Amino acid sequence: MKIRFAVGPPAGPVPAPDLISFAVALEASGFDGIWLSDLPVAPVLDPLLALALLAGRTRTLRLGANIVPFGRSPYVLAKALAQLDQLSDGRLLLSFVTGLGQAGERIALGLADANRGLALEEVLGLVRSCWGADDGARPTPSELSSAALAAARPIQEPLEVWLGGRGPTALDRVGRLADGWLGALVTPAEARTARERIQASAASAGREVDPEHFGMSIAYARGTPTPSQLAALAARRPGVEPGELIPVGRDGLRALVRGYVDAGLSKFVVRPAQRTGSWESEARWLADAILDLQT
């Protein structure tokens, strides 16, 4: 397996100059990519805008993001993502997510009482059709002109879309529809079970998810996590030992990554639970901790 690491900034607002410094430091260190999260009602940069900024400041770093694909027409979203792929010369990585369910999020995205999982499936199919990836099983944007569709073609063919989730329905959706799985807040043992379920779902749908396309998002702490971080983790995964989800220090992070690799995962998005110094020093610390595991 090809083990790769993308790195995300800690949660919260990151000024544009800091984000550029972080991306440049990651590229210089040899990391595979940078990864951003879409938080529609939080005071953080929209990842589409942020990645467009980074596309012009980096050359080899892959540019990834969790995207909440609601609130825009599927065509407008497809065109924006295709142009990001063009701007970055084919370096875009994508995961579609349903959002965090924050207060006011549904209203802001125009979802009302819609089932977000089903809405995600519909948008994914329409976006792929705009990219010219119609396989006969998805709705087609027949009302769009050929010129409009040509403007929405990415460099990558296909431009892959991974999905997340840990519940049975979400995992089955990955197997039926996605190009990969990016999990979060699951133990290595749970990740193995999830991978097996996804492949079983894919087989039932007459397809296979590439064995190299299973990954995990990991928040790490260089020192003891704060009480608020532990409380937030306990609220999301009650009964799970925090150390199985948020590793502490170099040895803890390496051990958890190896646990996921043993479970069949090979792509990782790691991010500091909190900033502890300059972006350059964070990149150096992380490179020393895990970059030798990248293959």
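Colleague: Which residue stands opposite Ala6 in β8?

Modeller: This is a predicted model, so every value here is computed from predicted coordinates. The residue opposite Ala6 in β8 is Val269.

Colleague: How do you know that strand β1 and β8 are paired?

Modeller: Pairing requires at least two bridges between the strands. Strand β1 (residues 4-7) and β8 have four, in the parallel sense, and therefore they count as paired. By the criterion of at least two bridges, β7 and β8 also pair, in the parallel sense over six bridges. One of the facing pairs there is Gly215 with Lys267 in β8.

Colleague: What makes strand β8 mostly covered?

Modeller: A residue is buried under 20% relative accessible area. Five of the six residues of β8 (residues 267-272) are buried.

Colleague: Which strand does β6 join, and in which sense, parallel or antiparallel?

Modeller: Strand β6 (residues 181-184) is joined by four bridges to strand β7 (residues 214-220), and the two run parallel. Leu182 is opposite Gly215 in β7. With helix α8 (residues 188-204), β6 and β7 form a β-α-β unit that is right-handed.

Colleague: Why is the contact between Asp46 and Arg72 called a salt bridge?

Modeller: The cut-off is 4 Å between a side-chain nitrogen of Lys or Arg and a carboxyl oxygen of Asp or Glu. The N to O distance for Asp46 and Arg72 is 3.8 Å, so the pair qualifies. These two residues link distant parts of the chain, 26 residues apart: Asp46 lies in the loop between β2 (33-37) and α2 (47-55), Arg72 in the loop between β3 (62-67) and α3 (74-87).

Colleague: Why is Asp46 called partly exposed?

Modeller: The class between buried, under 20%, and exposed, over 50%, is partly exposed. Asp46 has 26% relative accessibility and therefore belongs to that class. Arg72, at 30%, is partly exposed as well.

Colleague: What else does Asp46 contact at the start of α2?

Modeller: A side-chain oxygen of Asp46 comes within 2.7 Å of the backbone nitrogen of Leu48.

Colleague: How do you know that the buried residues of α2 are on the same side of the helix?

Modeller: The buried residues are Pro47, Leu48, Ala50, Leu51, Leu54 and Ala55. They cover an arc of only 160° around the axis, which means that they are on the same side of α2. They pack against α1 (16-29), β2, β3, α3 and β4 (92-96).

Colleague: What makes Arg197 and Asp172 a salt bridge?

Modeller: Their N to O distance is 2.9 Å, and the cut-off is 4 Å. Arg197 in helix α8 and Asp172 in helix α7 (residues 168-177) are 25 residues apart. Arg197, at 37%, is partly exposed, and Asp172, at 24%, is also partly exposed.

Colleague: How many salt bridges are found in the whole structure?

Modeller: The search finds 14.

Note on methods: Residues are numbered from 1 along each chain as its sequence is written. This is a predicted model: local features need pLDDT of at least 70, side-chain atom pairs count only at pLDDT 80 or more; totals for chains, interfaces and linings use all residues. Side-chain values use heavy atoms; hydrogens and water are left out. A crossover is right-handed if, with the strands pointing away from the viewer, the path from the first strand over the helix to the second runs clockwise. Buried means under 20% relative accessible area, exposed over 50%, partly exposed in between (1.4 Å probe, protein chains only). The arc is that of the directions from the helix axis to the C-beta atoms. Contact means heavy atoms within 4.5 Å. A polar contact is a pair of N or O atoms within 3.5 Å; within protein, one must be able to donate a hydrogen and the other to accept it, and residues adjacent in sequence count only if both atoms are side-chain atoms.
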